[in-house]
Amino acid sequence: MESYWSQYRSVPIVYRIGVAFVLGSVLGLVLGEPATVLEPLGDLFINMLSMLVIPIIVFTLLMGAKRLSPSNLGKIGGQVVGLYAITSAFAVLIGLAVSNLISPGEGLEGWQEAEPDAAEAPSLQEVLLGIVPENPVGAMAQGDVLPTIFFVIAFGLALALVQESVESEDVTNGVETFFDIAEAGAEAMFKIVWGVMEYGVIGVFALMATVFGQAGTDAIIPFALLILTLLVASVAHIVLVHFVGIVALVVGESPRGLLVGGKDALITALSIRSSSGTLPVTMANADDNLHIDESIYSFSLPLGATINMDGTALYQGVVAIFAANLVGVSLTVGEQLTVVAVAVLASIGAAGVPGTGLIMLTLVLTQLGLPLAIVGFVAGVDPILDRLRTMTNVSGDLAVTTLVAKWNDAVDFDSGTWVASNRD
């Protein structure tokens with residue numbers, strides 16, 4: 001039995017999860033509704049990943065604050081946030097361009113029958129005010145990621161300032177103890193991540209069996225063009241912006257290094273459709289495969305899992321054209337530029353958990369005066385669309401983190417994945 005387990009473990013987890021993804025999908029299509037009996041096994045996997053998110057954010061952001069001086073923290077923070085906003089803007093532009101070429105939604109009828117109970121989209125004021133928590137502990141307990149990140153960054157920066165400015169040895173020792181606890185906590189969480197990812201093979205199998213068991217071909221076929229459009233736009237954005245634009249042109253390294261080094265995170269994102277849930281795997285890839293210094297990725301990746309929503313922004317552009325085609329109207333250039341602005345702002349306020357793209361979509365459709373009934377029409381295949389946009393989000397997190405690390409001399413391009421990539 002031990003030899004079988006050893007042989008099983010010798011296969012990289014990314015391949016085991018990939019096989020589970022395919023087998024679960026096939027089982028769901030073959031069995032249909034009975035396959036949904038596996039849903040609790042998939043939900044357990046999602047719950048395990050969700051359990052890790054807040055502790056990892058708290059511990060790793062504090063570790064990042066320990067390794068950065070207050071001045072560098074502001075500098076790196078500005079670079080990270082600025083790049084995330086730029087890539088999100090490019091994402092929605094690419095989504096609009098591809099949608100205008102493919103024109104998803106033309107010729108479809110019956111959309112009026114879809115009457116969703118669409119969630120009310122938050123206003124810009126609510127999004128901005130929601131970043132600052134009234135009760136930081138309450139925000140952590142409720143799993144509110146953006147307020148938690150805001151508080152932990154502020155607290156970590158305050159600790160770093162205290163360490164630099166206060167001369168009392170007792171106080172500085174206390175700060176060091178705080179940082180040491182955070183580092184120990186982060187290491188413990190990564191051990192838990194290992195166990196969760198081992199169970200992930202079962203979890204992903206159950207998740208895919210449930211998705212296809214519920215949707216079946218009847219729910220997928222009418223939206224094949226929409227899925228194709230989002231797929232083409234996502235691949236175009238990842239290749240043109242993340243791989244070629246950032247890694248090849250700006251960083252000056254082979255895009256294959258990012259693809260090979262981040263493949264575990266990309267496949268996990270495609271499987272579980274959660275940027276925050278994928279965060280432990282993304283951080284492990286940044287450290288072990290891409291050789292990025294912890295002072296950079298421990299700051300940029302948790303932040304990116306919340307505010308860097310390239311895929312979500314791209315999705316808004318694709319579905320805006322899809323919705324306009326459904327009702328037989330054409331969006332003007334000005335209206336499409338409005339989609340860019342609204343989608344970037346909406347993506348910043350979107351939490352990195354499954355399904356938030358639908359809520360953000362209501363904001364875009366309302367701004368354009370398009371029927372919110374389309375939200376319910378799209379929701380039937382959203383589990384598939386969400387996987388594509390989540391993979392795009394995670395790819396952007398890794399690309400931006402690599403560039404910021406390059407600018408701050410915090411990545412080793414002379415070892416591991418990057419060397420093998422360059423030699424190829």
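Reader: What makes the meeting of the side chains of D386 and R389 a salt bridge?

Author: In this predicted model, the side chains of D386 and R389 meet at 3.1 Å, N to O; because the cut-off between a side-chain nitrogen of Arg and a carboxyl oxygen of Asp is 4 Å, the pair is called a salt bridge. A search of the whole structure finds 1 salt bridge.

Reader: Why are D386 and R389 separated by about one helical turn?

Author: Both residues belong to helix α18 (residues 382-407), and because they are 3 residues apart there, about one helical turn lies between them.

Reader: How do you know whether D386 and R389 are buried or exposed?

Author: The relative accessible area of D386 is 4% and that of R389 is 1%; since buried means under 20%, D386 counts as buried, and R389 is likewise buried.

Reader: Why is H242 called buried?

Author: H242, which is found in helix α9 (residues 224-251), has 0% relative accessibility, and because the limit for a buried residue is under 20%, H242 counts as buried.

Reader: Which residues have the most contacts inside the largest nonpolar core?

Author: The largest nonpolar core has 70 residues, and those with the most contacts inside it are F45, L258 and I292. Helix α8 (residues 169-220) provides the largest share of this core, 15 residues. A second, separate core of 34 residues includes L226, L361, V364 and L385.

Reader: With which residues is F45 in contact, leaving aside its neighbours within four places in sequence?

Author: Among the contacts of F45 are V196, Y199, G200 and I272.

Reader: What is known of residues 76-98 and 192-213, which the UniProt annotation "transmembrane region" covers?

Author: That annotation comes from an unreviewed entry. In the model, residues 76-98 are 100% helix and 0% strand, with end C-alpha atoms 33 Å apart, while residues 192-213 are 100% helix and 0% strand, with end C-alpha atoms 30 Å apart. The protein chain has 19 helices and 0 strands.

Methods
Residues numbered from 1 in each chain as written. Predicted model: local features only at pLDDT ≥ 70, side-chain atom pairs only at ≥ 80, totals over all residues. Heavy atoms only, no water. UniProt positions renumbered as here; feature names shortened; annotations may be inferred. Helix = DSSP H or I, 4+ residues; strand = E, 2+ residues; numbered from the N terminus. Buried < 20%, exposed > 50% of the residue type's maximum accessible area, 1.4 Å probe, protein only. Core = buried A, V, L, I, M, F, W, Y, C linked by side-chain atoms within 4.5 Å. Contact = heavy atoms within 4.5 Å.
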